Amino acid sequence: MRIVLVGPPGAGKGTQAQYLAKNLSIPHISTGDLFRANISQGTPLGQKAQEYMKAGQLVPDEVTIGMAKDRLDQPDAAEGFLLDGFPRNLNQAEVLDRLLEGDSRKIDAVLDLEIPEDEVVKRIAGRRTCRTDSSHTFHVVYSPPKAEGVCDVCGGELYQREDDSEDTVRNRLEVYHRETEPIIDYYKVQGLVVTIPALGKVAEVTQRAMEALRQKTT
Ligand SMILES: [Zn+2]
């Protein structure tokens, strides 16, 4: 099964992607992982991406698309994959369709994780990160530390990352509306979109998504 996962920042896309890929026994291909892998292996595309990032510029579509193409050509993606963070705009979606068509493949479903905007802001702006170890994360409402401002794991100081501030979140939402939402309409025309409410427990959302995919593809 070939799936594209879309949804605004804060919808829990990365977490759902991991569970869904595992349940469906297909590789989870995230843009973040593609970039990390290409950069750490020093591939030509990775080097190009790094140059743009160092200059504080957006990485052009052709670089991202090149990385995705290399990954989709790997043997483990032959029978299916779950894309997370790619395509992120209309141009990438169109090129992806052409690439797949060339191999007589096509997207089977587009899972759209839906979440109210206010909830996104609440989720992200409530995150707190440990200064000592950034993998120690908390949330002021959903998983508060035992003592305010102090990491349960190591006693480090908790702070709000710049990325998680309300302004940054609102900004990222705007970019999502402008850049990424048009791909949902593009895929709707092809009858591929399944919309899933992303509120609730992680396991519940996964179950909802699995059920919707089953209905969509049988
Ligand atoms: Zn800590």
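How many nonpolar, polar and charged residues are in the lining of the second largest pocket? The lining has five nonpolar, six polar and three charged residues. The model described in this report is predicted.

## The second largest pocket

The second largest pocket holds about 220 Å³ of space. Its lining is made up of 14 residues, and those nearest its centre are Leu 34, Ala 37, Asn 38, Met 67 and Arg 71. Among the contributors, helix α2 gives the most, with four residues.

Helix α2 also contains Arg 36. This residue has a relative accessible area of 55%, and it is therefore classed as exposed, a term that applies over 50%.

Strand β1 is mostly covered, since five of its five residues are buried. The cover extends to both faces of the strand. On one side lie Arg 2, Val 4 and Val 6, on the other Ile 3 and Leu 5, and all of these are buried.

β1 is paired with two strands discussed here. Four bridges join β1 to strand β3 (residues 81-84), and the two run parallel. Within this pairing, Leu 5 stands opposite Asp 84. β1 also pairs with strand β4 (residues 109-114) in the parallel sense, again over four bridges. Here Leu 5 stands opposite Leu 111, while the bridge partner of Ile 3 is Ala 109.

Why is β4 described as largely enclosed by the rest of the structure? The description holds because five of the six residues of β4 are buried. β4 pairs in turn with strand β8 (residues 193-197), in the parallel sense and over five bridges.

## A sheet of three strands

A further sheet is open and consists of three strands in the order β6-β5-β7, with antiparallel pairing. Its edge strands are β6 and β7, each of which pairs on one side only. Strand β5 (residues 127-130) is joined to β6 by three bridges in the antiparallel sense. One of the positions involved is Arg 127, whose bridge partner in β6 is His 139.

Strand β6 covers residues 137-139 and includes Thr 137. When neighbours within four places in sequence are left aside, Thr 137 is in contact with Arg 128 and Thr 129.

## Annotated positions

The UniProt record, an unreviewed entry, carries the annotation "binding site" for Gly 10, Ala 11, Gly 12, Lys 13, Gly 14, Thr 15, Arg 127, Thr 137, Phe 138 and Gly 200. Of these, Gly 10 lies in the loop between β1 (2-6) and α1 (13-24). Its relative accessibility is 16%, so Gly 10 counts as buried, the limit being under 20%. Apart from neighbours within four places in sequence, Gly 10 is in contact with Ile 115, Val 120, Arg 123 and Ile 124.

The unreviewed UniProt entry also gives the annotation "binding site" to another set of residues, among them Thr 31, Arg 36, Gln 57, Gly 85, Arg 161 and Arg 172. The residues of this set are spread over 142 residues of sequence, and they are also spread in space, with up to 29.6 Å between C-alpha atoms.

## The loop between β7 and α7

Arg 161 is placed in the loop between β7 (158-159) and α7 (166-189). Asp 164 lies in the loop between β7 and α7 as well. Is Asp 164 buried or exposed? At 1% relative accessibility, Asp 164 counts as buried, whereas Arg 161, at 32%, counts as partly exposed.

Leaving aside neighbours within four places in sequence, Asp 164 is in contact with Ile 124, Ala 125, Arg 127, Thr 129 and Val 169. One of these contacts, Arg 127, is also among the positions that the UniProt record annotates as "binding site".

The accessibility values given for single residues are collected below.

| Residue | Relative accessibility | Class |
|---|---|---|
| Gly 10 | 16% | buried |
| Arg 36 | 55% | exposed |
| Arg 161 | 32% | partly exposed |
| Asp 164 | 1% | buried |

Terms used
Residues are numbered from 1 along each chain as its sequence is written. This is a predicted model: local features need pLDDT of at least 70, side-chain atom pairs count only at pLDDT 80 or more; totals for chains, interfaces and linings use all residues. Side-chain values use heavy atoms; hydrogens and water are left out. UniProt positions are given in the numbering used here, feature names are shortened, and annotations may be inferred rather than shown by experiment. Buried means under 20% relative accessible area, exposed over 50%, partly exposed in between (1.4 Å probe, protein chains only). Contact means heavy atoms within 4.5 Å. On a 1 Å grid over the protein atoms alone, a cavity is a set of points where a 1.4 Å probe fits but cannot get out, and a pocket is an open set with protein on both sides within 12 Å along at least five of seven lines; lining residues have an atom within 4 Å of a point. Grid points are joined across faces, edges and corners, and a volume is the space filled by probe spheres set on the points. Ala, Val, Leu, Ile, Met, Phe, Trp, Tyr, Cys and Pro count as nonpolar, Asp, Glu, Lys and Arg as charged, and the others, Gly among them, as polar. Two strands pair if DSSP finds at least two bridges between them.
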